[in-house]
Amino acid sequence: MRRSDLSKNAAALFGAAVIIASLAGAPRHATAAVFNVTQNTWGTTSDVNSFAWAIDQANTQAGVDTINVAADLQINVDDAAPATGTNTWLARFTESANVQGNGATLVGNPAYVTTGGEIATKTNIVSSRYTSAIVLGDAILVPGLSFAQIGTSGSDNSSISVSFSDLSADGLASIAQLNEGAQLSVTGGDFRNIVNYTDIDAAGRGVFEANTGSTLNLSDISITDSSPFG
């Protein structure tokens with residue numbers, strides 16, 4: 001069949017509003033990619049198969065990419081550097097992505113020493129659960145880190161939709177912060193020992209934070225021992 005005949009037949013089938021692109025020059029949509037995480041430390045954007053690398057790759061490639069974490073992997077974040085411009089956040093998603101945790105856990109071991117010489121850990125809470133954790137005079141040994149910001153504050157993030165499935169965390173300061181218009185769905189996962197050992201006199205923050213116009217869907221998750229309550 002000639003190309004002109006193909007176009008005529010398609011227009012007759014779908015109506016006059018259908019526009020048939022030249023077969024040779026038809027636009028190609030971006031193909032989503034899969035980035036595997038196998039490293040047991042957070043890593044950097046240049047460490048192939050680390051979580052930091054996978055998120056960076058997903059942010060720089062068009063399409064809804066998948067970040068596939070090795071089953072039951074324990075990922076230590078204690079030596080991780082926060083993402084640029086995020087203070088204590090490990091990462092920022094600027095593109096849509098699906099994170100398949102497969103039972104993996106992000107593990108932090110934040111700690112500080114009080115002026116009285118007590119060592120506070122994620123399971124030994126020295127301060128009141130309802131007040132600032134670290135006060136002037138305390139010494140931070142290992143800072144608390146948060147997982148991910150979704151979108152950028154002050155921007156239109158309505159095109160960014162991220163999902164976490166079967167991903168847990170132990171000993172982080174917060175899990176996710178949704179900026180304006182962003183969307184996050186979290187399915188499965190146990191988020192435990194959430195402690196705000198980040199800054200002097202910081203009052204704490206929520207395990208999940210949803211800012212104006214954002215959408216947060218939580219399904220089949222558990223939150224255990226979150227302190228202090230922000």
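Me: What should I know about the model and its numbering before reading any feature?

Reply: The model is predicted, so local features need pLDDT of at least 70 and side-chain atom pairs count only at pLDDT 80 or more, whereas totals for chains, interfaces and linings use all residues. Residues are numbered from 1 along each chain as its sequence is written, and side-chain values use heavy atoms, with hydrogens and water left out.

Me: Which strands form the parallel sheet, and in what order?

Reply: Strands are DSSP runs of E with at least two residues, helices are runs of H or I with at least four, and both are numbered from the N terminus; two strands pair if DSSP finds at least two bridges between them. Here four strands form an open sheet in the order E4-E9-E11-E14, with parallel pairing, and E4 and E14 (208-210) are the edge strands, each pairing on one side only. From one strand to the next the twist averages 15°, where axes are lines fitted to C-alpha atoms (for helices over the stretch in contact) and angles run from 0 to 180 degrees between N-to-C directions.

Me: How many bridges join E9 to E4, and is E9 buried or exposed?

Reply: E4 (residues 89-93) and E9 are joined by four bridges in the parallel sense, with Phe-93 opposite Ile-150 in E9. Four bridges also connect E9 with E11 (residues 174-178), again in parallel, and there Ser-146 has Ser-174 as its bridge partner, while Gln-149 has Gln-177. Buried means under 20% relative accessible area, exposed over 50%, and partly exposed in between (1.4 Å probe, protein chains only); five of the five residues of E9 (residues 146-150) are buried, so this strand is largely enclosed by the rest of the structure.

Me: Which residues of the largest nonpolar core touch the most other members?

Reply: In soluble globular proteins, nonpolar side chains tend to be buried together. A nonpolar core is a set of buried Ala, Val, Leu, Ile, Met, Phe, Trp, Tyr and Cys residues joined through side-chain atoms within 4.5 Å. The largest one has 43 residues, of which Trp-42, Phe-51, Ile-67, Phe-93, Phe-147, Phe-164 and Ile-175 touch the most other members, and helix H2 (residues 51-60) supplies the largest share, six residues. A second, separate core of six residues includes Tyr-112, Ala-133, Val-195 and Tyr-197. Counting contacts as heavy atoms within 4.5 Å, and setting aside residues up to four places away in sequence, Phe-164 touches partners including Phe-93, Phe-147 and Ile-150.

Me: Which residues are linked in the network of salt bridges?

Reply: A salt bridge is a side-chain nitrogen of Lys or Arg within 4 Å of a carboxyl oxygen of Asp or Glu, and by this rule the count comes to three. The network links Lys-122, Asp-170, Asp-190 and Arg-192. Asp-170 meets Lys-122 at 3.3 Å, N to O; Asp-170 lies in strand E10 and Lys-122 in the loop between E7 and E8, so the pair ties together parts that are 48 residues apart in sequence. Arg-192 meets Asp-170 at 3.6 Å, and its closest N and O atoms with Asp-190 are 3.1 Å apart.

Me: Which of these residues count as buried, and which as partly exposed?

Reply: Asp-170 counts as buried at 12% relative accessibility, as does Lys-122 at 13%, whereas Arg-192 at 25% is partly exposed, and Asp-190 at 22% is also partly exposed.
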